[in-house]
Number of protein chains: 2
Amino acid sequence: MKVSPLAPTFYPEIPEIEGVRLASVEAGIKYKDRKDLCLIAFDKPAEIAGVFTKSKCPSAPVDWCRKHLGQGKASCVVINSGNANAFTGKKGADAAELTASTTAQLLGCSKKTVFLASTGVIGEPLDASGFADCLATAKSQLTLDGWHSAAQTIMTTDTYPKLATRQFKAGGRNFTLNGIAKGSGMIAPDMATMLSFLVTDLPVDHKVLQKLLARAIKPTFNAITVDSDTSTSDTVLLFSAGDGKNIKQANDERLRPLKSALAEVLHDLAMQVVRDGEGANKHVCIEVTGAANKRSARKIAASVANSPLVKTAIAGEDANWGRIIMAVGKAGEPAERDLLSIKFGDIIVARNGERDPDYNEDEVSRLMQKPEIDISIDLGLGKGSAKVWTCDLTREYVAINGDYRS
Amino acid sequence: MKVSPLAPTFYPEIPEIEGVRLASVEAGIKYKDRKDLCLIAFDKPAEIAGVFTKSKCPSAPVDWCRKHLGQGKASCVVINSGNANAFTGKKGADAAELTASTTAQLLGCSKKTVFLASTGVIGEPLDASGFADCLATAKSQLTLDGWHSAAQTIMTTDTYPKLATRQFKAGGRNFTLNGIAKGSGMIAPDMATMLSFLVTDLPVDHKVLQKLLARAIKPTFNAITVDSDTSTSDTVLLFSAGDGKNIKQANDERLRPLKSALAEVLHDLAMQVVRDGEGANKHVCIEVTGAANKRSARKIAASVANSPLVKTAIAGEDANWGRIIMAVGKAGEPAERDLLSIKFGDIIVARNGERDPDYNEDEVSRLMQKPEIDISIDLGLGKGSAKVWTCDLTREYVAINGDYRS
């Protein structure tokens, strides 16, 4: 498969985190000659936080994670690609249970501290009977520098692995936050989107960790959309695998740099997911300002970002702002046609309910040829603002998704 | 442009309706060498009912129609293609006013009884200064058998004209209901979709007519979707141009056959719109049963019908029911994975939360090659049911909408 034209030009060096080991192996779940099963294990139990899909039909691993998240401790996470173990009924729950208990036995931990994530085709039974051998191999290969391989292993229709890292100082010491993620279809805002796993060595209690993650996810993973479709398997897990006493107060000063790092890593990964949207040629930022309130701004931005007509126009490098009006109008939120203004990049194309008199089609057309497109919509009503990131809708999207399973 | 493979194999004969005259002329609004301005005139004022887009940014003609619908009388309707006169600010309102007053002067009627509809590009000013001459020509060419030409004149990206007719008996006399419509993009359920104009010669008061139309629109035009996008210009107008005393009681027996005819004509036109969906190769019916209630069933059916992943799978002739689960799950409505069952045509592919044990991929694949695909989803929860019709999402959709304006 052709690598996305929006792929990063280089991959970051992901530093090792003491006590966090990764291994990736071939389990032959669906793909041939590639790794598809990843184990991330903690030398001692890590604190865990998680956010999951809002789908009413979540996968068996999502059910499993939700059930055991509350106790806040994780020994490891097992991730497979090629099969989502979703809509697989009792068999699916059994496969999740089997994977967890097999792993628990291997690592000598409680199965309740084994977390799971699966991604790939929905509805096919996941045969986990061979996982014991694969996981034994994985255990023997656990290594501190397995991050890049892990990011590759969890890919499905992704065309490049997604990694991000930040270093930060807290209480006079150096800490790290590493993250990996996978896209690339069934990506929609307003829920914990796709799979992503993040680990920091700053020691933070799981309850505090959960608050940080829930807050940081909103303007990042929950503000991107590839195709408005929501996976049954969306899972973001954040682990604190640090030595020392856990931070238990949400107002602890040492959390401030972690919050910044978390915001940056999640933003970085979220942008990588959008830029690897199926068939994407353009990275688009929709910024709405002047809305009645923040919720309204988000809804309007999402309406524009999810509109097939807007997205196909961008694919065609056509600054068709009429379709933006259409998408603002259909959002059902307060909007006054005669107060609306629209910019592509820094160019005002419409204001006060009509085309800007100085509008220059050639100038805008040149802008539309760039790989990054910023669209700003000011409603002129209030102070609500929001950003949503998306990509264009291309023939390749249709080709990829018309042929994905067969 | 290639005609939709789902186009009708023949067009119905549209009978004349006494007192209803149509003319179509070339106004050169956008297209060359084709008619783009249509006048439908009533010998004596007709009763009128209308439903319009729910967009918060409606076009100037929609504003105009809404303003004058209440008095219930129509002398004529003027429809142009090539320019939607939407987001055109005061200029747009002026163009609508000018069109109405020019027509009123020509026909010798009040401008308040002139109704307007425009379809085409959004945001371009509509120059109506030349309409006086064009409408004078149209007036001189008004004819009882102008239905087919009118249906052609209002087309934009439609690949065929949309016409339907029914005859019915009421109070021992024969009556007719004729309708025309245009699609083909920006089609979404739950609002009065696209343009459609219907005329009957059964004399019915506009208040009763409005009730009939509002009710009949729900399971027809409001239950179709091409791309989930909602036009700024959606307008459906129903006229009663009959001689004799208007029916004023909603329970009048003579309305029963009109209701049936209206349901049939609207269904017929709505299906024609879906089958001419931009790039469509498949006509898809999504039927949801067993939902918590009707509203919930409609929302789930729309979620499936609007899902790009479901629609691209159908384009690829892939019975990817996993994506249907995904779309059910993302609707946010009550759904129990383990009670769900899914059928393609008569073939059960999934039940009780997993793939049906007798599922035969070859059998389903053969079914997917047909141009009409029925997908049934039973939620096993309650008695709510709904149908939504849609088409597949193809490379051609992207091509048409990436190049439409430029």
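This is a predicted model: local features need pLDDT of at least 70, side-chain atom pairs count only at pLDDT 80 or more; totals for chains, interfaces and linings use all residues.
Start with Asp33(B), which sits in the loop between β1 (20-25) and β2 (37-52) of chain B. Its phi is near 55 degrees, a positive value in a residue other than glycine. Asp33(B) has 6 C-beta neighbours inside 10 Å, so it counts as exposed.

Glu317(B) also has a positive phi, about 55 degrees, and is not a glycine either. You'll find Glu317(B) in the loop between α8 (308-315) and α9 (321-330) of chain B. Is Glu317(B) buried or exposed? It is buried, because 20 other C-beta atoms lie within 10 Å of its own.

**Chain A in outline**

Chain A has eleven helices and 15 strands. Its C-alpha atoms fill a box of roughly 70 × 55 × 40 Å along the principal axes. A compact globule of 406 residues would have a radius of gyration near 22 Å, and chain A agrees with that because it has 22 Å. Buried residues account for 60% of the 406 residues in chain A. Take the contacts in chain A between residues at least 6 apart in sequence: 81% of them join residues at least 24 apart.

**The seven-stranded sheet**

One open sheet in chain A has seven strands in the order β8-β15-β10-β14-β11-β12-β13, with mixed pairing. β8 (224-225) and β13 (354-355) of chain A stand at the edges with a single partner strand each, so one side of each has no neighbour in the sheet. Helix α6 (residues 255-275) of chain A lies across β8, β10 (283-291) and β15 (384-391) of that chain, and runs at about 45 degrees to β15(A).

β11 (residues 341-344) and β12 (residues 347-351) of chain A run antiparallel and are joined by four bridges. Within this pair, Lys343(A) stands opposite Ile348(A), and Ile342(A) stands opposite Ala350(A). After that, two bridges join β12(A) to β13(A), again antiparallel. Here Arg351(A) stands opposite Glu354(A).

**Another antiparallel pair**

β5 (residues 162-170) of chain A is mostly covered, with seven of its nine residues buried. Nine bridges join β5(A) to the antiparallel strand β6 (residues 173-182) of chain A. One of the facing pairs is Ala164(A) with Gly179(A) in β6(A).

These hairpins can be set side by side:

| Hairpin | Residues between strands | Residue with positive phi |
|---|---|---|
| β5(A) and β6(A) | two residues | Gly171(A), about 55 degrees |
| β11(A) and β12(A) | two residues | Gly345(A), about 55 degrees |
| β12(A) and β13(A) | two residues | Asn352(A), near 50 degrees |

**A buried loop residue in chain A**

Asn320(A) belongs to the loop between α8 (308-315) and α9 (321-330) of chain A. It is buried, because 25 other C-beta atoms lie within 10 Å of its own. Asn320(A) and Val310(A) are ten residues apart along the chain, and their C-alpha atoms are separated by 7.4 Å.

**The core and the contact between chains**

In soluble globular proteins, nonpolar side chains tend to be buried together. In this model, the largest nonpolar core has 268 residues, and the members that touch the most others are Val328(A) and Val328(B). What is Val328(B) in contact with, leaving aside its neighbours within four places in sequence? The list takes in Cys57(A) from the other chain, along with Ile300(B), Ser303(B), Val304(B), Ala335(B), Leu340(B) and Ile377(B).

As for the contact between the two chains, it takes 56 residues from chain B and 57 residues from chain A. On the chain B side, the elements giving two or more residues are α2 (89-107), α8, α9, β13 (354-355) and α11 (395-403) of chain B. The largest share of that side, eight residues, comes from α9(B). By residue type, the chain B side divides into 19 nonpolar, 22 polar and 15 charged.

Notes
Residues are numbered from 1 along each chain as its sequence is written. Chains are lettered from A and ligands numbered from 1 in the order in which they are written. A residue is buried if 20 or more other C-beta atoms lie within 10 Å of its own, exposed if 12 or fewer, and partly exposed in between; C-beta atoms are placed from the backbone. Two strands pair if DSSP finds at least two bridges between them. Two residues are in contact if their C-beta atoms, placed from the backbone, lie within 7 Å. Axes are lines fitted to C-alpha atoms, for helices over the stretch in contact, and angles run from 0 to 180 degrees between N-to-C directions. A nonpolar core is a set of buried Ala, Val, Leu, Ile, Met, Phe, Trp, Tyr and Cys residues joined through C-beta atoms within 7 Å. The radius of gyration is taken over C-alpha atoms; the globule rule is 2.2 Å times the number of residues to the power 0.38. Ala, Val, Leu, Ile, Met, Phe, Trp, Tyr, Cys and Pro count as nonpolar, Asp, Glu, Lys and Arg as charged, and the others, Gly among them, as polar.
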